[in-house]
Amino acid sequence: MTTRFEPARPRPAAAVLAAAAAAVAAALLLAPAAAGAQIVEARRGMVSAQEPHAARAGLEVLEAGGSAVDAAVATAFALAVTHPQAGNIGGGGFLIVRPPAGPPAAYDFREAAPAAASAEMFLVDGEYDAARHHDSHVAVGVPGTVAGLHLAWSEQGRLPWRRLLEPAIALARDGFAVPAHLARSLAGVLPAMRRYPASLAQFSRDGAPYAAGETLRQPDLARTLERIAATGPDGFYRGPTAELIAREMQANGGLITTADLAAYRAVRREPVRGAYRGHEIISMPPPSSGGTVLIEMLNVLEGFDLAAGGHGTARTVHLMAETMRRAYADRALHLGDPDFNPALPLPRLLSKAYAARLRQSIDPERASRSSPASFAWPPAGEETTHLSVVDAERLAVALTYTLEQRYGSKIVVPGAGFLLNNEMGDFNPAPGLTTAAGLIGTPPNLAAPGKRMLSSMTPTIVARDGRLRLLTGSPGGRTIINTVLHTIVNVVDFGMDADAAVNAPRFHHQWLPDRLVHERGGLEAATRARLAAQGHALAERERQGVVQAIVYDAEADRLAGAPDRRAPGSTVLGY
């Protein structure tokens with residue numbers, strides 16, 4: 001398939017996208033900062049996460065002498081209790097570590113397809129079945145979170161493994177007060193959970209939604225976490241927990257077996273690395289597309305003077321959107337699990353020479369047209385979560401993990417108390433199945449036994465002159481990569497502080513569908529009019545991503561973070 005970018009004729013803005021009815025709430029800030037302050041500063045260490053109990057668990061680990069990896073592990077396990085929309089032990093993700101000296105590392109704990117998977121597994125009587133692909137026990141991939149967190153800890157942790165799980169165990173066993181935003185979220189998801197008795201039992205009061213302030217206890221999850229604390233990954237991938245997962249799969253047509261669970265391994269990989277205006281970019285390699293697409297975009301943008309164009313101007317938005325368009329086309333056409341696609345063209349996609357050719361194809365006055373018009377992506381879940389941690393030695397960790405859609409498959413494993421992912425939906429639906437409705441069938445990301453599905457998660461660390469500069473990451477499905485791009489450009493090109501870089505308006509283009517989606521109120525009317533005149537199809541959304549970033553000032557030896565006000569619960573803690 002050949003990717004083409006054709007000049008576009010002026011056209012009116014597209015219809016406004018459906019947006020969440022609720023207004024974006026002010027973020028909850030729990031930090032040693034003055035009342036009303038948005039920037040949190042610290043000298044020793046810092047944790048930025050999407051939920052305050054989990055951030056507190058991570059900070060207490062730092063204060064106890066743990067490394068940033070220890071704190072990230074503790075935060076991630078706590079999120080599995082207090083942020084069930086995306087925090088998990090039944091999903092997977094990626095973790096980047098940058099030590100103050102020595103090489104960085106990338107930990108891949110993406111879910112994997114079970115042994116019974118095949119490229120045609122989402123077809124029923126020869127026809128594609130969307131429910132089977134995204135909303136069934138067949139949609140569950142072999143979870144990777146426990147293995148990945150343990151691998152990172154075993155190589156870079158300091159405190160005992162059990163110590164890192166104690167906060168999560170206590171939160172699950174003793175419970176925590178349900179905040180208003182979680183109460184609303186659980187009330188919204190309960191109708192989808194009613195067909196799964198264990199899910200309904202765990203996340204409701206006999207079928208009634210939890211009210212804000214009521215205590216949510218999860219004793220089955222506490223017992224599962226106890227097994228993991230006692231024996232590490234064997235407490236999840238073998239023994240009672242594995243048997244409970246396999247029993248649920250077998251009873252409901254799922255594919256995962258105890259053999260699949262025992263065979264799962266997290267993988268340490270070499271990060272992808274790039275350079276942008278004197279900064280080193282360290283990010284996640286495939287099976288995440290995030291790092292490759294991010295560096296490709298930064299390479300293209302390096303040839304434009306964004307600072308001179310100004311933040312949020314039509315010129316800057318146009319150049320960034322056209323860059324996004326080209327990099328996302330490469331994502332769709334080329335990227336997948338490297339263990340199943342040994343010829344991935346990473347050297348070319350990451351090269352400055354290739355970026356120069358892409359840059360030359362951008363008309364500074366006219367939008368391109370993405371084609372072929374029938375090639376687009378099916379919907380992707382956006383309920384991922386990210387956390388960033390820096391310790392006193394300036395070891396830095398960026399971790400993004402997910403269940404895929406909000407609450408994943410909505411399936412709680414009976415007796416085990418945790419939600420399962422529906423990540424198999426990130427595989428392409430079937431070979432050659434490319435339709436105007438938005439399905440694709442290109443080979444790099446078709447399902448196969450043991451294969452890891454393509455991801456957009458983009459945990460990223462930026463350094464300059466050999467010293468830490470920035471950690472960033474976000475949820476948001478395919479918008480993640482562009483959200484991370486915004487954060488980096490905001491800091492490097494526009495000199496923004498932590499609060500401005502995190503909370504500035506964002507926009508997104510992913511090649512197809514061919515539209516430029518911006519946050520409501522994020523672009524001025526004159527800017528929107530100019531972009532439409534250039535041929536961009538504009539659409540609005542309520543919000544894009546929830547950034548957890550930490551900015552480091554090496555000269556002052558000071559850490560700074562700020563909560564993303566798009567999400568209640570976004571928390572930055574330092575000491």
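**Entry 1: salt bridges**

I count a salt bridge when a side-chain nitrogen of Lys or Arg lies within 4 Å of a carboxyl oxygen of Asp or Glu. I am working on a predicted model. With that cut-off I find 31 salt bridges in the structure.

I looked up Arg565 first. Arg565 pairs with Asp499, and the closest N and O atoms are 2.7 Å apart. Arg565 sits in the loop between E22 and strand E23 (571-574), while Asp499 belongs to helix H18 (residues 498-503), so this bridge ties together parts 66 residues apart in sequence. Is Asp499 buried or exposed? I read a relative accessible area of 16% for Asp499, so I log this residue as buried. Arg565 has 31%, so I log Arg565 as partly exposed.

**Entry 2: Arg520**

Next I took Arg520. Its salt-bridge partner is Glu540, with the closest N and O atoms 3.3 Å apart. I place Arg520 in the loop between strand E19 (516-519) and helix H19 (525-533), and Glu540 in strand E20 (residues 538-541); the two parts tied together are 20 residues apart in sequence. Glu540 is buried, because its relative accessible area is 18% and the limit is under 20%. Arg520, with 39%, is partly exposed.

**Entry 3: Arg558**

Which residue does Arg558 bridge to? I find Glu41, with 3.6 Å between the closest N and O atoms. This pair links distant parts of the chain. Arg558 is in strand E22 (residues 558-561) and Glu41 in strand E2 (residues 40-42), 517 residues apart. I note both accessibilities. Arg558 is partly exposed at 26%, and Glu41 is partly exposed at 46%.

I also noted a network of salt bridges. Asp108, Arg269, Asp339 and Arg452 are linked in it.

**Entry 4: nonpolar cores**

I turned to the nonpolar cores. The largest holds 87 residues. Which members touch the most others? I list Phe77, Ile89, Leu225, Leu399 and Phe418. Helix H2 (residues 68-82) supplies the largest share of this core, 12 residues.

I then checked Phe418 for contacts, leaving out residues up to four places away in sequence.

Another core lies apart from the largest one. I log 78 residues for this other core, among them Met284, Met324, Val484 and Leu531.

How values were computed:
Residues are numbered from 1 along each chain as its sequence is written. This is a predicted model: local features need pLDDT of at least 70, side-chain atom pairs count only at pLDDT 80 or more; totals for chains, interfaces and linings use all residues. Side-chain values use heavy atoms; hydrogens and water are left out. A nonpolar core is a set of buried Ala, Val, Leu, Ile, Met, Phe, Trp, Tyr and Cys residues joined through side-chain atoms within 4.5 Å. Buried means under 20% relative accessible area, exposed over 50%, partly exposed in between (1.4 Å probe, protein chains only). Helices (H or I, at least four residues) and strands (E, at least two) are DSSP runs, numbered from the N terminus. Contact means heavy atoms within 4.5 Å.
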